[in-house]
Amino acid sequence: MRPDDANIVGNVHGGTILKMIEEAGCIIGTRHCNTQTGDRCVAALARVERTDFLHPMFIGEVAHVSAEITYTSKHSVEVQVNVLSENIVTGAKKLTNKAALWYVPFSLQNVAKIIEVPPIEYSGPEQEEAGKKRYEAQKLERLETKERNGEIIMSVSLPEPYTVAFSQSSLIHLIGPSDCTLHGFVHGGVTMKLMDEVAGIVAACHCKTNIVTASVDAINFHRKIKKGCVITISGRMTFTSNKSMEIEVLVDADPLVEAEKGKYRAVTAFFTYISLDKDNKPLPVPPLKVSNAELKCTVI
């Protein structure tokens, strides 16, 4: 486990472990479903049962991920995954995670086609019966969840197109060890990259076309951002010409560990973007619609 995999105190992120668990499940599920003749397939994750985080894992430890197929139905595979951490200095090992996942194999030739799963051999009827009960239970819960949540996303009332509110966007990022210098402060390049991403989202939302950065005005780094801060990068359209867009980007930092210091504005800048067609030629930019309230805020 490397610094990129962990939080600011060295504990490996749960998401990092979940990713490893899913990769192991996908590999063994895909391998099993391709042991028969016919369409080649890949196992797609359908459900994750309860995942237990028994002990923390730390930077410098080696993760051992093992996976085993414990039940198969006609169209699904149950995979049990265990994660062990090893301290390579002392040799000590401990079980850190246990998880159960369900996969469904889809044909590589036709992604809408579900492939039949070859059966596995069970150690006895009790093992098969227990697996069948788990299968029926998860199937019922999935159906109930689907019925409860529905498949239709409720429409949300959006601001009028081409207004400031329509395209404004924000991104939240936790400053980790890999973002920082040896002194524990964020690299300027990391901040600028995130600012450009937000500015790009604003430009793309406004134009609905391919967009590229044309220039960046002076970027002002008002205060340092320390490791462990949560930063919010906010962007809004401030001006459009026929061929370009100006986007204001603000970076606010929240020192979670030193909450008494409060949030503060760390970085500000203006980005200029242009809109391109499929041949990478400039396109006209839709004019920005500014309301009286927005115009008043801008003047203030």
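Visitor: Why is Tyr135 called buried?
Guide: In this predicted model, Tyr135 has a relative accessible area of 16%. The term applies under 20%, so Tyr135 is classed as buried.

Visitor: What makes Trp102 buried or exposed?
Guide: The relative accessibility of Trp102 is 1%. That value falls under the 20% limit, and Trp102 therefore counts as buried.

Visitor: How many aromatic pairs are there?
Guide: The count comes to four aromatic pairs.

Visitor: What makes Tyr71 and Trp102 an aromatic pair, and why is the pair called edge-to-face?
Guide: A pair of aromatic rings is described by two quantities, the distance of the centres and the angle of the planes. For Tyr71 and Trp102 the centres lie 6.3 Å apart, and the planes are at 70°. The distance is within the 6.5 Å limit, so the two rings pair. The angle is over 60 degrees, so the pair is edge-to-face.

Visitor: Which parts of the chain does this pair link?
Guide: The pair links distant parts of the chain, with Tyr71 in strand 3 (residues 62–72) and Trp102 in strand 5, 31 residues apart. Both Tyr71 and Trp102 are buried.

Visitor: Why is the pair of Trp102 and Tyr135 called tilted?
Guide: The ring centres of Trp102 and Tyr135 are 5.8 Å apart, and the planes meet at 50°.

Visitor: What does the pair of Trp102 and Tyr135 tie together?
Guide: Trp102 belongs to strand 5 and Tyr135 to helix 2 (residues 125–149), so the pair ties together parts that are 33 residues apart in sequence.

Visitor: Which residues form one aromatic cluster?
Guide: The cluster is made up of Tyr71, Trp102, Tyr122 and Tyr135.

Visitor: How do you know that Arg223 lies over the face of Tyr264?
Guide: Arg223 is at 3.9 Å from the ring centre of Tyr264. This distance is within the 6 Å limit, and Arg223 is placed over the face of the ring. Lys224 likewise lies over the face of Phe185, at 4.9 Å from the ring centre.

Visitor: Why is Ile88 called exposed?
Guide: The relative accessibility of Ile88 is 57%. Exposed means over 50%, so Ile88 qualifies. Ile88 is situated in the loop between strand 4 (77–86) and strand 5 (93–107). Together with Val62 and Val89, Ile88 forms a nonpolar patch on the surface, with about 300 Å² of accessible area in total.

Visitor: What is noted about the phi of Lys208?
Guide: Most residues other than glycine have a negative phi. Lys208 is not a glycine, yet its phi is positive, near 60°. Lys208 sits in the loop between helix 4 (188–207) and strand 7 (210–216). At 59% relative accessibility, over the 50% limit, Lys208 counts as exposed.

Visitor: What makes Asn280 exposed, and where is Asn280 found?
Guide: Asn280 has a relative accessible area of 53%, which is over 50%, and therefore Asn280 is exposed. Asn280 is located in the loop between strand 11 (264–276) and strand 12 (282–283). Although Asn280 is not a glycine, its phi is positive, about 60°.

Visitor: Why is Val202 called buried?
Guide: Val202 lies in helix 4. Its relative accessibility is 0%, under the 20% limit, so Val202 counts as buried.

Methods. Residues numbered from 1 in each chain as written. Predicted model: local features only at pLDDT ≥ 70, side-chain atom pairs only at ≥ 80, totals over all residues. Heavy atoms only, no water. Patch = residues over 30% accessible without salt bridge, like charges linked within 9 Å, V, L, I, M, F, W, Y side chains within 5 Å. Areas by Shrake-Rupley, 256 points an atom, 1.4 Å probe, with all protein chains shown as cover. Salt bridge = Lys/Arg side-chain N within 4 Å of Asp/Glu carboxyl O. Helix = DSSP H or I, 4+ residues; strand = E, 2+ residues; numbered from the N terminus. Buried < 20%, exposed > 50% of the residue type's maximum accessible area, 1.4 Å probe, protein only. Phe/Tyr/Trp six-rings, centres within 6.5 Å; stacked < 30°, edge-to-face > 60°. Lys NZ or Arg CZ within 6 Å of the ring centre and 35° of its normal.
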